[in-house]
Amino acid sequence: MRLILVGPPGAGKGTQATAISTGYAIPHISTGDMLRAAVKGQTPLGLAADAAMKRGDLVPDDVVIGMVVERIAAADAERGFLLDGFPRTRPQAEALSTALRDAGVKLDAVVLMEVPDELIVERIVGRRSDPVTGEIYHLSFRPAQDPEVAARLVQRADDTREACEARLAKYHAETAPIVPYYEELGILRRVDGVGAPKEVELRVAAALRGV
Ligand code: AMP
């Protein structure tokens with residue numbers, strides 16, 4: 001199964017990706033996670049991406065495309081993968097189509113998670129993650145129950161109000177145009193991303209039924 005999750009920042013892609021990748025036993029490939037790891041490890045790629053990420057800007061296409069093409073060629077992605085946060089521009093979508101065509105495989109579905117802008121900023125500014133498990137929490141909507149976990153939660157550097165607004169603007173300007181691209185290919189599945197994660201999980205499962 002070769003899947004893509006698309007949606008604005010804070011739509012719940014990361015949360016749903018965990019469930020989908022477990023359900024289909026395919027690797028969850030998050031370009032945001034890969035880039036954050038590169039920044040942390042101060043690799044040349046991380047150093048090139050750091051400033052753009054902090055501003056809420058996109059990392060240049062060639063950098064991200066190279067990283068993904070290499071990642072999906074790895075042995076664990078041979079039977080499928082779930083891409084989260086890629087493609088984010090039309091050139092990225094086209095480069096992915098070319099790479100998959102060259103490999104003789106095709107995408108099965110693109111899941112678009114729809115959440116209105118008004119809800120996004122609230123979701124993002126309260127978002128926290130556990131550096132130990134990678135689990136995602138929210139100060140109001142999903143607080144950590146264990147005080148030890150609550151004490152170690154961290155906020156992403158780009159989850160400030162300013163960076164969030166910049167990322168949302170980028171989403172509408174650069175990423176939304178990939179929606180008609182996949183719609184024309186007949187593989188787009190729309191999912192309402194408003195609601196509790198479990199509810200949304202059921203909608204995603206329903207959207208993928210028969211794929
Ligand atoms: P995410 O965790 O998906 O929200 O990504 C965090 C940040 O990483 C984004 O705001 C971008 O700066 C960068 N990034 C992640 N994926 C991409 C991509 N496909 N193209 C360009 N930049 C990306």
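Contact here means heavy atoms within 4.5 Å. Leaving aside neighbours within four places in sequence, A49 is in contact with L35 and V59. This is a predicted model, in which local features need pLDDT of at least 70 and side-chain atom pairs count only at pLDDT 80 or more, while totals for chains, interfaces and linings use all residues. Residues are numbered from 1 along each chain as its sequence is written, and side-chain values use heavy atoms, with hydrogens and water left out.

A49 sits in helix α3 (residues 44–55). Helices (H or I, at least four residues) and strands (E, at least two) are DSSP runs, numbered from the N terminus. With 1% relative accessibility, A49 counts as buried; buried means under 20% relative accessible area, exposed over 50%, and partly exposed in between (1.4 Å probe, protein chains only).

Helix α2 (residues 31–40) packs against helix α4 (residues 61–72) at an angle of about 105 degrees, and their axes are 11 Å apart. The axes are lines fitted to C-alpha atoms, for helices over the stretch in contact, and angles run from 0 to 180 degrees between N-to-C directions. α2 and α4 are therefore roughly perpendicular to each other, a label given to angles of 65 to 115 degrees. From α2, the contact is made by T31, M34 and L35, and from α4 by V64, M67, V68 and R71.

Another backbone feature is the cis peptide bond that joins F86 and P87, with omega about -5 degrees. P87 lies in the loop between β3 (81–84) and α5 (90–103).

Now for the whole chain. The protein has 10 helices and 7 strands. Its radius of gyration is 17 Å, close to the 17 Å that the globule rule gives for 211 residues, so the protein is as compact as a globular protein of that length. That radius is taken over C-alpha atoms, and the rule is 2.2 Å times the number of residues to the power 0.38. Along its principal axes, the C-alpha trace spans about 50 × 40 × 35 Å. Buried residues make up 43% of the 211 residues.

Technical notes:
Parallel < 35°, antiparallel > 145°, perpendicular 65-115°, else oblique.
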